[in-house]
Amino acid sequence: MKPIPFEYFAPTTVEEALEHLSNLGYGGKVLAGGQSLIPAMNFRMARPGALVDLNGVPELAYIKPTADGGLAIGTMTRDSKVEHSPEVAKRFPLLPEVMPNIAHPQIRNRGTFGGSIAHADPAGQLPAISIVLNANLKVIKKGGERWVKAEEFFVGPFMTVLEPEEMLAEVVLPGLPPRTGSSYQQVSRQKGGYSLAAVASVVTLDEAGKCTNARMVMISVGDVPILSAAALRILVGQKPTPEAIAEVAEIAASQEIDPGTDIHATAEYRRHLIRVLVRRSLTTAFERAAK
């Protein structure tokens, strides 16, 4: 199939792009990498009346260090640039661990970091990673801007707090404290495919080996990426024993997720996967934090 007829705009500046979005309202849609939007349009699952193509706006593609040891990543930065950036690997080793699991190299060469987050696919890795890394998202429109915490950005499958005239411009990842470790674990039917379930963890230890912070996000088991409250409640303030990690895994699998059944896996199988992946992810993250 082919998409319905639509208008096409190719701005060369942010101001021009925002002007188009302001004029188009609900009829407009931002085109970033297009690796998800264009197939959806071809199947007529998405029917925008107009596309505002950001590929001609070079000022939206960058990776910049921040004063607190973090990074600011422009929304049009290609996934492959993030995957192979030495600065990203040094400050956020979780990202180069995650990126090879996103489809295939050809897709990552076109797909964009901000576009993946704004697309809000509940099975996508980058929305969840933005949450587990406690990202701040810069949202802009004609005449204004606002900042949104990543965990408040997603409201449903393929749904965010973005208004029609707004777009995601920048993702800011706060610096990580010393003795922080991370881990990403997933199960998928084939390499490059969507995960049946996945878990990303970022944990921090003090000098005595006690946990001071534990952020864990689960993917493909709800309408949005799920940030675990159990991990924070159970692990912070104590040494991360196998028993404590197993308790988090059980609560996460039985109480915190809402998996569906489809042709690929049953809900009960996804709960089983979460039990396993939570233990693997947290154990590996704590081992890395202790080094």
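Me: What makes both faces of strand E5 (residues 71–74) count as covered?
Reply: In this predicted model, Leu71 and Ile73 lie on one side of strand E5 and Ala72 and Gly74 on the other, and all are buried. Buried means under 20% relative accessible area, so both faces are covered. In a regular strand the side chains alternate between the two faces of the sheet.

Me: Why are strands E4 (residues 63–65) and E5 called paired?
Reply: Two strands pair if at least two bridges are found between them. Leucine 71 in E5 is the bridge partner of proline 65. The hairpin of E4 and E5 has 5 residues between the strands, and there glycine 69 takes a positive phi near 90°.

Me: How do you know that E5 also pairs with strand E10 (residues 167–173)?
Reply: The criterion is at least two bridges, and 4 bridges join E5 to E10, so E5 and E10 pair. They run antiparallel. Within this arrangement, isoleucine 73 stands opposite valine 171 in E10.

Me: What makes strand E1 (7–9) and strand E2 (28–31) the edge strands of their sheet?
Reply: The open sheet consists of 3 strands in the order E1-E3-E2, with parallel pairing. E1 and E2 each pair on one side only, and they are the edge strands. Neighbouring strands of this sheet are turned by 25° against each other on average, direction ignored.

Me: Why are E1 and strand E3 (residues 50–53) regarded as a pair?
Reply: They are joined by 3 bridges, and at least two are required, so E1 and E3 pair. The two strands run parallel, and phenylalanine 9 stands opposite valine 52 in E3.

Me: Which helix lies across E1, E2 and E3, and how does this helix run relative to E3?
Reply: Helix H1 (residues 14–24) lies across these strands, and its direction is at about 165° to that of E3.

Me: Why is serine 116 called partly exposed?
Reply: Its relative accessible area is 24%. Buried requires under 20% and exposed over 50%; serine 116 falls in between, and is therefore partly exposed. This residue lies in helix H7 (residues 113–119).

Me: What is serine 116 in contact with, leaving aside its neighbours within four places in sequence?
Reply: Serine 116 is in contact with Asp79, Leu126 and Pro127. Contact means heavy atoms within 4.5 Å.

Me: How far apart are serine 116 and alanine 32 in sequence and in space?
Reply: They are 84 residues apart in sequence, and their C-alpha to C-alpha distance is 8.8 Å.

Technical notes: Residues are numbered from 1 along each chain as its sequence is written. This is a predicted model: local features need pLDDT of at least 70, side-chain atom pairs count only at pLDDT 80 or more; totals for chains, interfaces and linings use all residues. Side-chain values use heavy atoms; hydrogens and water are left out. Buried means under 20% relative accessible area, exposed over 50%, partly exposed in between (1.4 Å probe, protein chains only). Axes are lines fitted to C-alpha atoms, for helices over the stretch in contact, and angles run from 0 to 180 degrees between N-to-C directions.
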